[in-house]
Amino acid sequence: MADAGDVYMSWRWVGDAAAPGVAALPGAAIDAVVRELAAALPDPTVPGGLERTLTTAAFAAPDTEYLLARDLSRALLPYDLAGQLHTLYRQGIRPLIRLQPSPRVAQVPWEILAPAPDLRLIDIADIGLLAPAGVVHGPARIARCWAETRELPVVAVLDPRIPGFRADSELGSVLGRMTHPTPLTRRLAGHIDSGRLRPAVTTPAEIFRRTDLDRDWLSRTLRAGAARLLYVGHVTAAPPESGQSESTELHLACTAETAGFAEPQRTHRPLSAKDLLLGTHTLAADPVSGQELWPVPSRVALIACESGGDLRFTEALGLVAAMITGGAELVTATRWPLPTDLAFQRWGAAADATPLQEVVRAVDTAHEAADPVAELAEWQRDRLRAWRATGAVEDSPVLWSAFATFAT
């Protein structure tokens, strides 16, 4: 897709299974539906923004969410392409769609597009995003192959404690107290029993809210060899109007005295995409590249607010690009800010609902599968079935359709 007043789309079928196509999607209609989507998304920076998303905005109820999904489909799914997809659907064939959205529509959750009242795009196809070709074919990139590394450790940074920020602050805990057994802790227990989890712990509770998971620890651990990286925590996304996607920040347990390109926040210095790309270039007399400092494993999950915002920029050099440049073949990240379990419980969900923990468990499970995109798509279809059946806010697409997987 390309932005040029209108939005121009082209598509082709691998192996010429069907006719290719092109379409010009009217810019005014695109702008209107993007504004409609933006009004429905969580905005923690606006007073009452999260409450509005979970109680009164489009994602709060199936009827209003369907109207948004219908409007997205009408604006973004060309008639000819929709017809080709529906033909495959009637034949029982579920294709893989690999999308490369333009910046204008980078936050669109393609999975929920509704070409018919009882049909969503995720019912018809598995959906993944294409990483920018300039990043994939970058001269410095050394890709790591899942088939060769899959038995190596799983590096997990789960809700690290950020120096200078209390648990209830803006960079506080995203998962809350993890002292009781849950499906997520049982999943982690399996990694512990296999000896694959890093940091090496004896119980799942020890992996959360750690104070030692800084960039130096991450560097040592990744250089020792890893199959996957699982991060759950905070990302501070650079605003698209800044044009500085490389300023997007990942929050580890780094102190302000740590060397890096990001500005300190209180007693903490974030790890920016620029750090991951440049390493200590201009910061040290004998600089080391980002790829050497943090050799990224084949599969990466960044479960944090707007961690996958790269495509909102003309020059996509954010965290996803940094992970792929560092060696990743596949990155799962999010399109917008995520409500926590506490937020869901506070505004309408069952008292024991833990949808964010369920997301972490589902993504971790998918990243062990032979085909993570298909595995995540099946999980999203399961979440869609629950949303259709219950209408419970914890089943809302505001959480499960926030996730997208970038593949090389």
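**Close-up views of Y231 and of the aromatic side chains**

**View 1. Surroundings of Y231 in the predicted model.** Y231 touches V157, P160, L250, H251, L252, A301, L302, I303 and A304, leaving aside residues up to four places away in sequence (contact: heavy atoms within 4.5 Å). The residue lies in strand β8, residues 228-232 (strands are DSSP E runs of at least two residues and helices are H or I runs of at least four, numbered from the N terminus). Y231 counts as buried because its relative accessibility is 1% (buried: under 20% relative accessible area, with a 1.4 Å probe and protein chains only). Its side chain reaches the backbone oxygen of H251 at 2.7 Å.

**View 2. The aromatic pair of F59 and W336.** The structure holds one aromatic pair (ring centres of Phe, Tyr or the six-membered ring of Trp within 6.5 Å; planes under 30 degrees apart are stacked, over 60 edge-to-face, the rest tilted). F59 and W336 form this tilted pair, at 6.0 Å centre to centre and 35° between the planes. F59 belongs to the loop between α2 (49-55) and α3 (62-76), and W336, 277 residues apart from it, to the loop between β13 (330-334) and α13 (341-346). Both residues, F59 and W336, are buried.

**View 3. Arginine charges over tryptophan rings.** The charged end of R299 sits over the ring of W146, 4.0 Å from the ring centre (NZ of Lys or CZ of Arg within 6 Å of the centre and within 35 degrees of the ring normal). Likewise, the charged end of R346 sits over the ring of W347, at 5.6 Å from its centre.

**Notes.** The model is predicted: local features need pLDDT of at least 70 and side-chain atom pairs pLDDT 80 or more, whereas totals for chains, interfaces and linings use all residues. Residues are numbered from 1 along each chain as its sequence is written, and side-chain values use heavy atoms, without hydrogens and water.

Key. Buried < 20%, exposed > 50% of the residue type's maximum accessible area, 1.4 Å probe, protein only. Polar contact = N/O pair within 3.5 Å; in protein donor to acceptor, adjacent residues only side chain to side chain.
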